[in-house]
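Dear colleague,

I am passing on a structure that you have not worked with before, and below it you will find notes on what turned up when I went through it. Please read them with the model open beside you.

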Amino acid sequence: MRKLSLVLFTVLILAGCEPQQANSVLADSALKTFLANSKKPAVIKFYASWCGSCKQYVPAFNEVKLAKSASVDFFEVDVDAAKTKALVKELKISRIPETAFVSADRSSVAKRLGPISVKNLTKLVEELKAK
């Protein structure tokens with residue numbers, strides 16, 4: 001599991017995914033520094049712009065992201081973007097939306113398939129913070 005989490009963050013850095021914390025989008029150059037220096041757990045949503053379930057998930061994900069971004073890092077990765085293909089392949093993301101929950105010490109990665117309600121996502125984020 002430790003290897004998977006290290007691979008995840010290495011590929012995120014190399015792939016230049018589109019991270020979002022609160023309402024700001026970090027530049028690719030800032031992403032390397034951000035991930036290397038962050039001590040917070042991370043929630044990573046994999047989606048596609050054409051995906052109906054992904055569109056349903058947007059309001060819940062954004063609501064929890066806004067409420068919890070002080071204590072958890074949130075990222076959104078478009079599986080169709082050329083710069084994220086390596087990450088999607090490495091993590092074997094074949095169905096979307098899929099959300100990865102990465103512990104602060106990067107020792108565990110849990111995944112959840114499908115849209116998640118605000119209530120359930122908040123619970124999962126709180127459990128992640130407790131790890």
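Threonine 99 is part of strand 5, which covers residues 98–102, in what is a predicted model. With a relative accessibility of 0%, threonine 99 counts as buried, and its contacts beyond four places in sequence include Val43, Ile44, Lys45, Tyr57 and Ile116.

The structure holds 2 aromatic pairs. In the pair of tyrosine 57 and phenylalanine 61, the ring centres are 5.7 Å apart and the planes stand at 70°, so the pair is edge-to-face; both residues belong to helix 3 (residues 52–68), where they are 4 residues apart, about one turn of the helix. Phenylalanine 61 and phenylalanine 74 are likewise paired edge-to-face, with 5.6 Å from centre to centre and 85° between the planes. Because phenylalanine 61 lies in helix 3 and phenylalanine 74 in strand 4 (residues 73–78), this pair ties together parts that are 13 residues apart in sequence.

Finally, the charged end of lysine 45 sits over the ring of tyrosine 57, at 5.6 Å from its centre, and lysine 45 also lies over the face of tyrosine 47, 5.2 Å from the ring centre.

Terms used: Residues numbered from 1 in each chain as written. Predicted model: local features only at pLDDT ≥ 70, side-chain atom pairs only at ≥ 80, totals over all residues. Heavy atoms only, no water. Helix = DSSP H or I, 4+ residues; strand = E, 2+ residues; numbered from the N terminus. Buried < 20%, exposed > 50% of the residue type's maximum accessible area, 1.4 Å probe, protein only. Contact = heavy atoms within 4.5 Å. Phe/Tyr/Trp six-rings, centres within 6.5 Å; stacked < 30°, edge-to-face > 60°. Lys NZ or Arg CZ within 6 Å of the ring centre and 35° of its normal.
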